[in-house]
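Got your viewer open and a cartoon view loaded? Let's take a walk through this one, stop by stop.

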Amino acid sequence: MARRFSAAYQKEPISALASWARRMALFALVATLASVLVVRFGFLDFRPALATFFGALALSGISILLCFAAFAAIWQNGSRGMTRILFALIVNALILAYPAYLAIQYQRLPRLYDISTDPIDPPRFDALARLRAADGANTAAYAGLYSAELQRKAYPKIEPILLDLSPQRAYEMVLRLVAHRKWLIVDERPPLPPQRVGRIEAVARTLVMGLREDVSIRIVPDEDGSRVDMRSSSRYFEHDFGSNAARISAFASDLNDAADNAKPEKKILAPAKEPQPKGARRR
């Protein structure tokens with residue numbers, strides 16, 4: 001009986017809707033990968049690539065609708081194609097998983113693109129300012145006090161990093177962490193006398209699309225140690241989906257861990273003053 005049933009099933013035609021659902025899912029996958037590669041490696045301008053990406057998402061949605069229609073057709077006429085439907089659904093789930101996560105972040109988080117540990121006097125963009133002068137790019141100026149208030153409510157743990165290290169030692173540690181993350185360093189200025197203010201400007205990339213997000217780090221003396229302030233700002237779009245705050249939090253955690261595991265600095269002691277003979281007066 002099993003063989004006869006199997007043979008009869010094999011003679012049933014394959015649902016055309018299931019075949020089209022699979023084809024459209026594969027086409028959407030190829031278009032998605034191509035758009036991501038174009039944006040990430042900068043082969044072309046990112047705007048057409050993003051348009052292609054959103055078009056691929058639309059095709060993926062249509063493919064899902066075709067999957068449901070094909071399932072209904074198979075249920076009605078007993079045709080084949082369930083394997084193609086399942087394949088299409090898995091591919092579409094892979095395509096839509098990350099955009100779905102971004103949609104949740106968009107609804108959950110405030111509309112911010114510029115995050116700083118010091119909203120009153122944020123680290124400025126000097127070398128990176130000319131890169132943010134392109135059409136459609138966000139300005140190099142800080143977003144303002146309204147954004148600072150939104151940041152305080154959404155990310156209360158974003159605050160300056162205080163280290164028991166000299167500015168020079170803190171600068172070297174920060175520079176190593178920036179290089180370890182493979183951020184593109186655009187400018188670096190060590191904390192030289194007399195102000196002893198160190199600055200690092202670099203370009204980071206988002207995880208999937210590789211969109212540029214600019215980073216400015218400032219190291220200043222703070223009593224016997226140093227204070228590190230960091231600013232991370234998306235170059236394009238007015239919503240960062242939480243990426244800048246996550247970058248600063250992760251960097252601060254790694255910097256604190258590195259400082260805790262660092263060897264104590266050798267402090268130069270001032271020579272002791274010779275005692276003056278009694279009766280002697282300073283001139």
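**Stop one: the nonpolar patch**

Start with helix 4, which gives the most to a nonpolar surface patch, with 3 residues. Before going on, a word on what you have loaded: this is a predicted model, where local features need pLDDT of at least 70 and side-chain atom pairs count only at pLDDT 80 or more, while totals for chains, interfaces and linings use all residues. Numbering starts from 1 along each chain as its sequence is written, and side-chain values use heavy atoms, with hydrogens and water left out.

Which helices supply at least two residues each? Color helix 3 (46-77) and helix 4 (82-108), and you have them. Met82 belongs to helix 4 and is partly exposed, at 31% relative accessible area. (Buried is under 20%, exposed over 50%, and partly exposed in between, with a 1.4 Å probe and protein chains only.)

**Stop two: zoom out**

Go back to the whole chain, where you'll find 7 helices and 6 strands. These are DSSP runs numbered from the N terminus: helices are H or I with at least four residues, strands are E with at least two. Trace along the sequence and the pattern reads α-α-α-α-β-α-β-α-β-β-β-β-α. Of the 283 residues, 38% are buried.

**Stop three: rings**

How many aromatic pairs does the structure hold? There are 5 of them. Select Trp183 and Phe251 to see one that is stacked, 5.6 Å centre to centre with 25 degrees between the planes. Trp183 sits in the loop between helix 6 (167-180) and strand 3 (184-189), and Phe251 in helix 7 (residues 243-261), so this pair ties together parts that are 68 residues apart in sequence. Trp183 counts as buried at 11% relative accessibility, and Phe251 is buried too, at 0%. For the record, rings of Phe, Tyr and Trp (its six-membered ring) pair if their centres lie within 6.5 Å; planes under 30 degrees apart are stacked, over 60 edge-to-face, and the rest tilted.

Next, pick Arg23 and Trp20: Arg23 lies over the face of Trp20, 4.9 Å from the ring centre. That takes NZ of Lys or CZ of Arg within 6 Å of the ring centre and within 35 degrees of the ring normal.

Most residues other than glycine have a negative phi, and most peptide bonds are trans. Now look at the peptide bond from Pro193 to Pro194: this one is cis, with omega near 5 degrees. Pro194 is in the loop between strand 3 and strand 4 (198-205).

Hop to Glu223, in the loop between strand 5 (212-222) and strand 6 (225-234). Glu223 has a positive phi of about 55 degrees. Is this residue buried or exposed? Glu223 is exposed, at 80% relative accessibility.

Finish at Phe241, in the loop between strand 6 and helix 7. Phi is positive at Phe241 too, near 60 degrees, and Phe241 is partly exposed, at 28% relative accessible area.
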